[in-house]
Amino acid sequence: MYILYVIPLTRLPLDKPQVYSYFTSQELSRGGLVLVPLYKRQVKAIVINAKPISQLNKMEIRKASFGLKQIVKVLSERPILSKNQLELINWMTRYYYAPLGLIVKTVLPEKLIKNLKCFSNS
């Protein structure tokens, strides 16, 4: 089992978390694309980190004030964003004080954004 840390590709208020945690049975690389449940809908998200549960402190997981949800679907195992693009996104978010999801959409190439719309949400 793995814990994925993802950036939802949607605009979230700055007072809400910008990175969410989910679990999955398969290891995904940084920059991969997944479909995750977020509140009452499903949204696409970029994987920014994946850690095996064995590397985490199990007591911290049990004492957490939230429950981890499972991802809905893996849309792309291959990274759609490079390490440099992810670093640029982090810098832009801090510099412009803007939501991560909005910055990710800004960085993604136009052709890729059109391809993302082709992925099914079911």
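The largest nonpolar core in this predicted model has 18 residues. Six of them touch the most other members: I46, I80, L81, I89, V104 and L108. Where do the core residues come from? Strand β3, helix α2 (83-96) and helix α3 (100-107) each supply at least two. The largest share is four residues, and that share comes from α3.

Take L81 as a way into this core. Set aside its neighbours within four places in sequence. L81 is then in contact with R30, G31, I46, L86, I89, V104, V107 and L108. Among these partners are I46, I89, V104 and L108, which also belong to the group that touches the most other core members.

There is also a second, separate core. It holds 13 residues, including L4, V6, Y20 and V43.

Now turn to the sheet. In what order do its strands lie? The order is β5-β2-β1-β4-β3-β6. These six strands form an open sheet, and their pairing is mixed. Strands β5 (69-70) and β6 (73-76) stand at the edges. Each has a single partner strand, so one side of each is left without a neighbour in the sheet.

Look next at one pair inside that order. Strand β3 covers residues 33-38, and strand β4 covers residues 41-52. The two pair in the antiparallel sense, over six bridges.

Is V34 buried or exposed? Its relative accessibility is 0%, so V34 counts as buried. Leave out its neighbours within four places in sequence, and V34 is in contact with L4, V6, L28, V43, K44, A45, V47, I71, K73, V74 and L75. Three of the names in that list, L4, V6 and V43, are also members of the second core. The chain also brings V34 and I7 together from separate places in the sequence: they are 27 residues apart along the chain, and their C-alpha atoms are separated by 9.9 Å.

Strand β4 also contains K51. With 30% relative accessibility, K51 counts as partly exposed. What does K51 touch, not counting residues up to four places away in sequence? Its contacts are M1, Y2, I3, Y5 and L56. M1 is 50 residues from K51 along the chain, yet the C-alpha atoms of the two are separated by 8.7 Å.

Methods:
Residues are numbered from 1 along each chain as its sequence is written. This is a predicted model: local features need pLDDT of at least 70, side-chain atom pairs count only at pLDDT 80 or more; totals for chains, interfaces and linings use all residues. Side-chain values use heavy atoms; hydrogens and water are left out. Two strands pair if DSSP finds at least two bridges between them. Buried means under 20% relative accessible area, exposed over 50%, partly exposed in between (1.4 Å probe, protein chains only). Contact means heavy atoms within 4.5 Å. A nonpolar core is a set of buried Ala, Val, Leu, Ile, Met, Phe, Trp, Tyr and Cys residues joined through side-chain atoms within 4.5 Å.
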